[in-house]
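Thanks for coming. I have one structure to go through today, and I will take it piece by piece. Please have the sequence and the model in view.

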Amino acid sequence: MSVILIPKPFMYKVLRKMKKWFSGVLVGFFFILLVLRFVVLKNPFGDIPLLVPITVNSTDPLESNQAAVTPTVQPQESANQVISSNTLVSSLFLKRNFSEEVQSSLSTWNRMNHLINYSQGLPNAVKAIREAGVAWENLLDSFGMEQNSDFNESAPPKAREKQCPHFLSNINVTGYGDGGYRLQIPCGLIQGSSITIIGVPNGLLGDFRIDLTGEPIPGEPDPPIVLHYNVRLHGDKITESPVIVQNTWTAAHDWGEEERCPIPDPSEKKKVDELSQCNEMVGTDKGGKVAENGSSYISLHSSTARNRSRAGQYFPFKQGYLSVMTLRVGEEGIQMTVDGKHITSFAFRESLEPWLVSEVRISGDLELISVLASGLPTSEGLDEIVDLKELRSVLLPLHHRLDLFIGIFSTANNFKRRMAVRRAWMQYPAVKAGIVAVRFFVGSHKNQMVNEELWTEVQTYRDIQLMPFVDYYSLITWKTIAICIFGTEVVSAKYVMKTDDDAFVRVDEVLASLNRANVTRGLLYGLINSDARPHRSPDSKWYISPEEWPQSIYPPWAHGPGYVVSYDIAKAVAKRHKGHLKMFKLEDVAMGIWIAELQKHGLEVRYINEQRVYNEGCQDGYVIAHYQSPREMLCLWQKLQHERVANCCGD
């Protein structure tokens, strides 16, 4: 056995180095402990990532069973977008020195900070909260100079210059560059808005495109495209014949699924707002037969000869000939008419809604003559209102008792719909007397002009409840919860009702029906659907995946244009949302699911089917008439006042 001898000077040198190294480690360790202690003391509860599901050990019937229903996580809500709840909530729920009117509009807002727990259950939830935080801070900054005056006065705010124009036009458009022509749409689009483009396809190919784009997104090179309308006069890789291609684009998902006209597979035909995705005449020859390649066209112009693109083939656009094109916003999508004939329809896709549109872009081989945008959202100027006193709602004290509270879904730029409701059925004596209270539930908008006009409206009419999120359609269930919160925690209503801003409600008849039924517990009143099945087609606006709802049928639910629940049900929803309430993106079905869960745990439920709730429009004798324009809303009210009968208005 050999022994290795190490010189003493060398050993001392090594030991000294080890001692220094060990001392350095100890110093570093204590430094880390001090930093951690400081962080913990400053934020003892830590930040909860929004995309991490929160598990609650509870047997409450309305709480989510994670094993049974796993919320689908949308691609845009990916892990790299995790934001702490504290960061988002800090600016949205700070107490501020607002006027009584503004504080009243935040009565529900200040009770909704628990909604951030449901970001994983609904599409666009994280994005909606984040964008609302930005919009809220920008709004407060824009009114900062007035904070010590207008915000703290009870009188209506001073008249401000309207920022959202009703009409935009550019006649004799010439000389736009390679980037194409752009028309700014300041306050988005609403149902009834239209964009009319007059031009002549020319150039080498005659191909051109029209894009309705949203607001630019920080960090992204291009804004989202709500509608991409591409006219290819000489076809493309799929067909050599003329074709129209419609699509959407986002940075998160790239291009969506193309919709082509003519439709390659006739069995895939669908309708949007009762209009065909592609006019059935498109794709047929002169005799009305489909061409062999499925790409020839009947002429949709007055002169068939001028539209002949090939022998026996026709198309609504032709090189060298004038075309008048109008994109019109409907309830479900956007329709295109050419020279007065309907050509195509395109259904809105998730998170790409008309209120998001901020610009029209036109490019390609199109000799542009004029562009006209009409039917745009705009508010009614204070100097134009002669009946302001009659339109202002009375501020309600906390826990004020009501027979009925009515919450109305509305979006920020739907100014005219809200004004029509105020002048129509909100003038019922029961509403004016305080037996019934009505409030609009409105989310933030991404456009600051819209938010500024909404802010003025809040202070003027005192009937708006602001929501702490941007108003994506996929989040309407949050508004249902908000209505239940207001109806039971802000006021104390015997019954709580939900409706829409395009629904006419006969308040007197709703009250009479509820009094006749005399059911004060476990009530769901409305147009009850007891055998509805989930839409399993991904193309449907109401698509529900098996992960979201595995069963083949829904529990009984009442259609969204108007339904009523008793206080106990509304209270249960308001209370359970602070835990982990099951989220479902179809709000009316969600209420049915929540009620069915309560029923399983002992609640005796009474379903009252009101056949006079008309989900698809108006019929004489209605209690609720849906899809009513502002003009029709006022007409129905006038008929009730003068004829004393609930008859619909003609076209």
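This is a predicted model: local features need pLDDT of at least 70, side-chain atom pairs count only at pLDDT 80 or more; totals for chains, interfaces and linings use all residues.

Residues are numbered from 1 along each chain as its sequence is written, and side-chain values use heavy atoms, with hydrogens and water left out.

Helices (H or I, at least four residues) and strands (E, at least two residues) are DSSP runs, numbered from the N terminus. Two strands count as paired if DSSP finds at least two bridges between them. In general, strands of a sheet pair through backbone hydrogen bonds, either parallel or antiparallel.

Back to the first pair. Strand S4 (residues 208–213) pairs with S5 (residues 225–232) in the antiparallel sense, over six bridges. S4 also pairs with strand S16 (residues 359–364), antiparallel and over six bridges. There, Asp211 has Arg361 as its bridge partner. Five of the six residues of S4 are buried, where buried means under 20% relative accessible area, exposed means over 50%, and partly exposed is in between (1.4 Å probe, protein chains only).

Next, the whole chain. It has 13 helices and 27 strands. Of its 651 residues, 54% count as buried. A contact here means heavy atoms within 4.5 Å. Among contacts in the chain with a separation of 6 or more, 74% come from residues 24 or more positions apart.

Now a six-stranded sheet. This open sheet has the order S1-S17-S3-S13-S14-S15, with antiparallel pairing. Which strands stand at its edges? They are S1 (168–171) and S15 (341–347); each has a single partner strand, so one side of each is left without a neighbour in the sheet. Direction ignored, neighbouring strands of this sheet are turned by 20° against each other on average.

Within that sheet, look at strand S3 (residues 194–201). Seven of its eight residues are buried. S3 runs antiparallel to S13 (residues 323–329), joined by six bridges, and Ser194 stands opposite Arg328 there. Eight bridges join S3 to S17 (residues 366–374), also an antiparallel pair. The partner of Ile198 in S17 is Ser370.

S26 and S27 (residues 624–625) run parallel and are joined by two bridges. Tyr614 stands opposite Ala625 in that pair.

On to the helices. The axes of H6 (residues 415–423) and H8 (residues 448–461) come within 12 Å and cross at roughly 15°. Axes are lines fitted to C-alpha atoms, for helices over the stretch in contact, and angles run from 0 to 180 degrees between N-to-C directions. H6 and H8 are therefore roughly parallel to each other; angles under 35 degrees count as roughly parallel, over 145 as roughly antiparallel, 65 to 115 as roughly perpendicular, and the rest as oblique. On the H6 side, Phe415, Arg418, Met419 and Arg422 meet Val450, Glu453, Leu454, Glu457 and Tyr461 in H8. By class, the residues of this contact are five nonpolar, no polar and four charged. Nonpolar covers Ala, Val, Leu, Ile, Met, Phe, Trp, Tyr, Cys and Pro; charged covers Asp, Glu, Lys and Arg; the others, Gly among them, are polar.

H6 has another neighbour, H13 (residues 630–643): their axes come within 9 Å and cross at roughly 5°. That makes H6 roughly parallel to H13. Lys416, Arg417, Ala420, Val421 and Arg423 in H6 meet Pro630, Met633, Leu634 and Trp637 in H13. This contact has six nonpolar, no polar and three charged residues.

Not counting residues up to four places away in sequence, Lys479 touches Phe409, Ser410, Phe441, Val442, Gly443, Met467, Phe469 and Asp471.
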